[in-house]
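Take a walk through this model, one packing contact at a time.

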Amino acid sequence: MTLETSTITVREALRDAMAEEMRKDPLVFLMGEEVAEYQGAYKVSQGLLEEFGSKRVIDTPITEHGFAGLGVGAAFAGLKPIVEFMTFNFGMQAIDQIINSAAKTLYMSGGQMGCPIVFRGPNGAAKRVGAQHSQCFASWYAHCPGLKVIAPYDAIDAKGLLKAAIRDPNPIIFLENEMLYGESFRAPVGEDEVIPIGKARIVRSGKDVTITTFSFMVGVALKAAEQLASEGIDVEVIDLRTIRPLDEQTILDSVKKTNRLATLEEGWGFAGIGAEISALVMEEAFDYLDAPVKRIVGVDVPMPYAESLVKLTIPQVDWVVDAIKQVCYRS
Amino acid sequence: MPIKILMPALSPTMAEGNLVRWLKSEGDKVKSGDLLAEIETDKATMEVEAVDEGILAKILIPAGTENVKVNEIIALLLEEGEDSATLELVKPVDSPAKNEIVAEKKIEENKHTNIPVQSPVTDKQTQERLFVSPLARRIAIDNQVDLGRLKGSGPHGRIIKSDVEAAIGQNTQANETPSTSYKAANELYPAYEEIKVSNMRKVIAQRLTESKQSVPHFYLNVECEIDELLHLRQKINKSLPESDRISVNDLIIKAISVTLKKVPDANASWVEGGYVRSYKHADISVAVAVEGGLVTPIIRGAELKSILEISKEMKELINKAKAGKLKPQEFQGGTFSLSNLGMYGIKDFSAVINPPQGCILAVGTGEERPIVREGKVEIATLMNCTLSVDHRVVDGAVGAKFLKELKHLIQTPVLMFI
């Protein structure tokens, strides 16, 4: 047997995760706009209709509020729906179902009725899709008790975490990224590689400064870290993977080691994930900080349409480099 | 709510000062106009007067605390009938914040225990807020690095980890350099050792140089017959267990304090800026030789204490001094000094004034000498006393009056007890 390193795209990894879980558990089904006949607006559900049939892979009308509600009801009744939003921007319509019905029912029913559902789809900005289609919802959903929020970066995490999400008895927000769908990463080995929810991963270890980030921005952070390494700054990059529950221990341990922290996200800064992490570190590791925490965030404007302006709105590698230098008092 | 007593500003530019002494204790009744505490800046000493009536319920800043910020709460006054539970409602953070978490915590602790606490890291070098990263501050506290001495390399002069670590590195190096270095003989000098001096010696050098250079000293000398004093001491000691026996020095302390009450003008200090401090009590600093130098522990309010009390306190202070365990408030301050070299057989000497005090009395040995009394030569035990005087505060006539009264007391010691 030869040890070949095979690669796989995030798109395929997500499809594999769903297929494997649907084979394993007949209660799992997929619904959403264009998920069946068209094989997914971003071709994530390729082959699923063929394998599982139209009872388990269901095309819905174009009404997020409606089909999200159907999904929540099915979950209350004991099924395990995966609800695909063509993007989470459209999922805003369904936010009442997600927060008020899916997230709160376990608590409001005194534990009698849970909602094992996964809401998944691309989140945040793609390229040139305008203000209404380019928003990061990580902090919106992470704000609410009752929801778990996952935002993977590479293929192994996408597959392993989606499988964990489908198996989890709680409502889950699974934030994908359109830009990452086509990116190839090392493929998961073996069928049953489940990544636990709530565990961050140190994707690059370093001693001078910590940067926390998630999803597409992990790649940006890694590029910045490489550039900074050539300038003598050793950056530790933490991929949060799960936004909620947040892996506080990994962040705190890292900050205690490096004494410096920058947070990176493409969403807006106000009450964002970086704000939450800043507060955490201030409360729990104040005496370990040698510099104020720096947040690197999307600019506080609706996303422009022009490509040149998009570049001025979403964090870029050189922003990260500059910010890290500031945190390290090197600017 | 309790009435807050704040650190007063004695001048428009005063930012902080020393709380020298409390003139009231916790639980004392206070009337408007009563003197509560003595506050000192580098310019002046003044008493804090009570404005309101009530009971001094809580002293938040203990006597002897240095660098107390203006407007910081120093004590709490309860009005008649007010519940002491309300004391807990007053937070010291009402005052302009001390610039460190640590210090704030200490104050909180103080509130409950009233034990004088010194902040482990002092920022006293700078009047302004010191910017230190939390990590650097913690490392500094752990390693007892004085942040006030460091220069921050971070933004806005913030002291960061590397600055503190550099300072720790230097300290270790400094400790490693030998404190004594041997030098071979040269054309001018034989072989010698250069011995690095202790902090105590540095302070002695600095203060006494300053005193001799800036204080206009003059000296007055008297001879006292001490036969009666010795006789009295013998009588007292006969009735005391050996451990409680009093010394000639104890009697002299008492005599000085009683004399200062009669000649209060000699119990004073010169203050730059046009003041003379006239002290209300005789706090006698007594020079005690210790390993590597000397210290001057203080018998406070000696005129109010019995000879036995003075003797007992002096014994304790000497033991503490020799063990290096004196607290700052036990040797800082004082209004008048006494230096006695009698036990070394010194007949006569002049002492250097211990600033900011106005006078120091140098006492020689008691020895039998012939004297002429009413045309006849007699033998008496004589002791020479030399008063060194700061002429800015005490003139010749006042000094002479002091010595005359002191001599009278020493020669007629029973007067000390009336």
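Helix H3 covers residues 64–76 of chain A, and helix H5 covers residues 95–103 of chain A. Helices here are DSSP runs of H or I with at least four residues, strands are E runs of at least two, and both are numbered from the N terminus. The two axes come within 9 Å and cross at roughly 15°. Axes are lines fitted to C-alpha atoms, for helices over the stretch in contact, and angles run from 0 to 180 degrees between N-to-C directions. H3(A) and H5(A) are therefore roughly parallel to each other.

Which residues make the contact? H3(A) brings A:His65, A:Ala68, A:Gly69 and A:Val72. H5(A) brings A:Gln97, A:Ile98, A:Ser101 and A:Ala102. Contact means that C-beta atoms, placed from the backbone, lie within 7 Å. By class, these residues are four nonpolar, four polar and no charged. Nonpolar covers Ala, Val, Leu, Ile, Met, Phe, Trp, Tyr, Cys and Pro; charged covers Asp, Glu, Lys and Arg; the others, Gly among them, are polar.

A word on the source. This is a predicted model, where local features need pLDDT of at least 70 and side-chain atom pairs count only at pLDDT 80 or more, but totals for chains, interfaces and linings use all residues. Residues are numbered from 1 along each chain as its sequence is written, and chains are lettered from A and ligands numbered from 1 in the order in which they are written.

Now the sheet. Seven strands of chain A form an open sheet of mixed pairing, ordered E3-E2-E4-E5-E7-E6-E12. Two strands pair if DSSP finds at least two bridges between them. At the edges sit E3 (57–59) and E12 (242–244) of chain A, each pairing on one side only. Within the sheet, E4 (residues 80–84) and E5 (residues 118–122) of chain A run parallel, joined by three bridges. A:Glu84 has A:Arg120 in E5(A) as its bridge partner.

Finally, look across to chain B. Nine of its residues are in contact with eight residues of chain A. Helix H2 (residues 134–143) of chain B gives the largest share of chain B's side, four residues.

Notes
Contact = placed C-beta atoms within 7 Å. Parallel < 35°, antiparallel > 145°, perpendicular 65-115°, else oblique.
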